[in-house]
Amino acid sequence: MQQTVKTKQNIVLSIALLASDRKDTIGKCLESLAAIRKSVPSELIILDTGCSPEVRKVLEAYADKITDFTWCNDFSEARNVTLRMAEGEWFLYLDDDEWFAEPEPLITFFSFVLTKAAPLP
């Protein structure tokens, strides 16, 4: 299993993305996370289940952590790999054919969480 890691501190939200080479939706998925990631201290963990080199290059531009995973027809196993890699207090699963049409409610929620929470160590 190959893994690439970019380190960050004070991560509140870990976002795990299962990527399976959906060229038609991966850009929309990743772009929908941009506003969230800009507003919320977060990390993006991508599990590459067999993407083409073209899609892998796109994933690497966005990911804080990216890991190769041989697909075993078990979503729970794949998601558990990303859960073990997560450093955030909150966790969000997403597939590469899903995206946020309106990320503002999630940003508002975390803005509230961050203002009410004790300072992170």
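1. Is tryptophan 90 buried, exposed or partly exposed? In this predicted model, tryptophan 90 has a relative accessible area of 35%, and because partly exposed covers the range between the buried limit of under 20% and the exposed limit of over 50%, tryptophan 90 counts as partly exposed.

2. Tryptophan 90 pairs with phenylalanine 109 in an edge-to-face arrangement, with 5.2 Å from centre to centre and 85° between the planes. Since tryptophan 90 belongs to strand S5 (residues 90–95) and phenylalanine 109 to helix H4, the pair ties together parts that lie 19 residues apart in sequence. Phenylalanine 109 is, with a relative accessibility of 36%, partly exposed.

3. Phenylalanine 109 also forms an edge-to-face aromatic pair with phenylalanine 110, for which the centres are 5.1 Å apart and the planes stand at 85°. Phenylalanine 110, in turn, is buried, with a relative accessibility of 3%.

4. Turning to the other rings, Phe69, Trp71 and Phe75 make up one aromatic cluster. There is also a charge placed over a ring, in that the charged end of arginine 79 sits over the ring of tyrosine 93 at 5.5 Å from the ring centre.

5. The largest nonpolar core comprises 22 residues, and those with the most contacts inside this core are Leu17, Leu30, Ile36, Leu44, Ile46 and Leu59. Two or more residues of this core are given by each of strand S2 (13–19), helix H1 (26–39), strand S3 (42–48), helix H2 (53–62) and helix H4 (104–116). The largest share comes from H1, which supplies five residues. Apart from this core lies another one, of seven residues, including Leu18, Ile45, Ala78 and Val81.

6. Leaving aside residues up to four places away in sequence, isoleucine 36 touches Leu13, Ile15, Phe100, Pro103, Leu106 and Ile107.

7. A last point concerns threonine 67, which is placed in strand S4 (residues 65–68). With a relative accessibility of 0%, threonine 67 counts as buried.

Notes:
Residues numbered from 1 in each chain as written. Predicted model: local features only at pLDDT ≥ 70, side-chain atom pairs only at ≥ 80, totals over all residues. Heavy atoms only, no water. Core = buried A, V, L, I, M, F, W, Y, C linked by side-chain atoms within 4.5 Å. Buried < 20%, exposed > 50% of the residue type's maximum accessible area, 1.4 Å probe, protein only. Helix = DSSP H or I, 4+ residues; strand = E, 2+ residues; numbered from the N terminus. Contact = heavy atoms within 4.5 Å. Phe/Tyr/Trp six-rings, centres within 6.5 Å; stacked < 30°, edge-to-face > 60°. Lys NZ or Arg CZ within 6 Å of the ring centre and 35° of its normal.
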